[in-house]
Amino acid sequence: MGRIVYLNGEYLPEDQAKVSIFDRGFLMADAVYEVTSVLGGKLIDFDGHVVRLARSLNELGMKNPLSRADLLEIHRELLRVNEVVDGGVYLQISRGAPADRDFVFPDPVETPQTVVLFTQSKPGITDSPSARDGIKVISIPDERWARRDIKTVQLLYPSMGKMMAKKAGCDDAWLVENGLVTEGTSNNAYIIKGNRIITRNLSNDILHGITRAAVLRFAREAQMEVEERPFTIEEAQSADEAFISSATMFVTPVVEIDGVAIGSGKPGRNASRLRDIYLEESRKNAI
Ligand code: PDD
């Protein structure tokens, strides 16, 4: 049996959840999304995702159709009916399906937004080979649009980046603009030098990762120094350690960049420690 998913107020078997071909998410990528991870049947950093969702909607002039309480109830109901222990919940809100294709936004009163949520079950997600062995990344030019702070479903270039990495025998790609790393295709990028974590400062150039905020807070609490500034691939290659963060990868060590081993070429001590702290604290605070 397939999953039960949520579509516009209804819980439906996944093969019965249908969206119009005129939906602007489908035709124009006019939609925003969030991915919230689930550990032990509970939601990680839920409030951070709710706040960022509201911001993304606001930046695109869309209203927020669901309150925090509604969202929490839907997330929890989906986890319950689908018996998800470890994995995540994907949420997408589009500007809805007007009567025809048109570049101009539809009247929000006449065209309700399309709200979709579904679960992804990933048993043992925290024991992945990438966490144990680290991942290898390549660098590619950042050819995305200039509002990467808005979490839209325009994910073609990130998908192409993952395919370029795969073709090169690697796991992911770091995006480079004007000689400086912005972020990973679907994660934030960090390097570590001594006791100092370096990651790009927040701006419209990167997604304001919810995991990033938590990781930097935990790093400071663990007496590590945090420097928020851009870095080059060369600086990353000569760093002691590197890692990425996201709701789906938590903290995952990076052991190679463009064929150059980072540090010992094995997951670094600090990145592994941060991962442990992140998972422990997240489990404690999960709702
Ligand atoms: N991606 N940067 C980009 C471009 C991302 O797509 C993501 C998340 C992040 C990390 O954000 P967070 O820590 O809030 O997950 C950074 C999600 C997981 C995805 O697209 O599946």
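Predicted model: local features only at pLDDT ≥ 70, side-chain atom pairs only at ≥ 80, totals over all residues.

Q: What pairs with E8, and how many bridges join the two?

A: E8 is joined to E9 by three bridges, and the two strands run antiparallel. To see the pairing for yourself, find Trp-174, which stands opposite Gly-184 in E9. E8 and E9 make a hairpin with two residues between them, and Asn-178 in the turn has a positive phi of about 50 degrees.

Q: Why is E9 described as largely enclosed?

A: Four of the five residues of E9 (residues 180-184) are buried, so the rest of the structure largely encloses this strand.

Q: Which other strands form a hairpin with two residues between them?

A: Look at E1 and E2: they form a hairpin with two residues between them, and Asn-8 in the turn has a positive phi of about 45 degrees. Strand E1 (residues 4-7) and strand E2 (residues 10-13) run antiparallel and are joined by four bridges. Ile-4 stands opposite Pro-13 in E2.

Q: How do I read a whole sheet? What is the order of the strands in the open sheet of six?

A: Here's a general idea to begin with: in a regular strand, side chains alternate between the two faces of the sheet. In this model, the open six-stranded sheet has the order E2-E1-E6-E5-E3-E4, with antiparallel pairing. E2 and E4 stand at the edges with a single partner strand each, so one side of each has no neighbour in the sheet.

Q: How many bridges pair E5 with E6?

A: E5 and E6 pair over eight bridges, in the antiparallel sense. One spot to look for is Tyr-90, which stands opposite Phe-118 in E6.

Q: Which strands does H2 lie across?

A: H2 lies across strand E3 (31-39), E4 and E5, and runs at about 175 degrees to E3.

Q: Now for helices. How do I describe two that pack together?

A: Two packed helices are described by the angle between their axes and the distance between those axes. The crossing of H6 past H8 is right-handed.

Q: Which residues of H6 and H8 meet?

A: From H6 come Thr-211, Ala-214, Val-215, Phe-218 and Ala-219, and they meet Leu-274, Ile-277, Tyr-278 and Glu-281 in H8. Sorted by class, this contact has seven nonpolar, one polar and one charged residues.

Q: What about H2 and H3: at what angle do they pack?

A: H2 and H3 pack at about 125 degrees, with their axes 11 Å apart. That makes H2 oblique to H3. Their crossing is right-handed. The H2 side of the contact is Phe-46, Asp-47, Val-50 and Leu-53, and the H3 side is Arg-68, Leu-71, Leu-72 and His-75. Those residues divide into five nonpolar, one polar and two charged.

Q: Back to phi for a moment. Where is Asp-45?

A: Asp-45 is in the loop between strand E4 (42-43) and helix H2 (46-59). Its phi is near 55 degrees, a positive value in a residue other than glycine. Asp-45 has a relative accessible area of 24%, so it is partly exposed.

Q: Is Glu-83 buried or exposed?

A: Glu-83 counts as exposed, at 68% relative accessibility. You'll find Glu-83 in the loop between helix H3 (68-81) and strand E5 (87-94). Like any residue you check this way, it has a phi to look up: near 50 degrees, a positive value in a residue other than glycine.

Q: Last one: is Thr-126 buried or exposed?

A: Thr-126 is buried, with a relative accessible area of 15%. Thr-126 lies in the loop between strand E6 (114-121) and helix H4 (129-133). Leaving out neighbours within four places in sequence, Thr-126 is in contact with Leu-39, Ala-131, Phe-250, Arg-275, Leu-279 and Arg-283.

How values were computed. Residues numbered from 1 in each chain as written. Heavy atoms only, no water. Left-handed = near helix turned anticlockwise from the far one by under 90°. Contact = heavy atoms within 4.5 Å. Nonpolar A, V, L, I, M, F, W, Y, C, P; charged D, E, K, R; others polar. Pairing = 2+ DSSP bridges. Buried < 20%, exposed > 50% of the residue type's maximum accessible area, 1.4 Å probe, protein only. Axes fitted to C-alpha atoms, helices over the stretch in contact; angles between N-to-C directions. Parallel < 35°, antiparallel > 145°, perpendicular 65-115°, else oblique.
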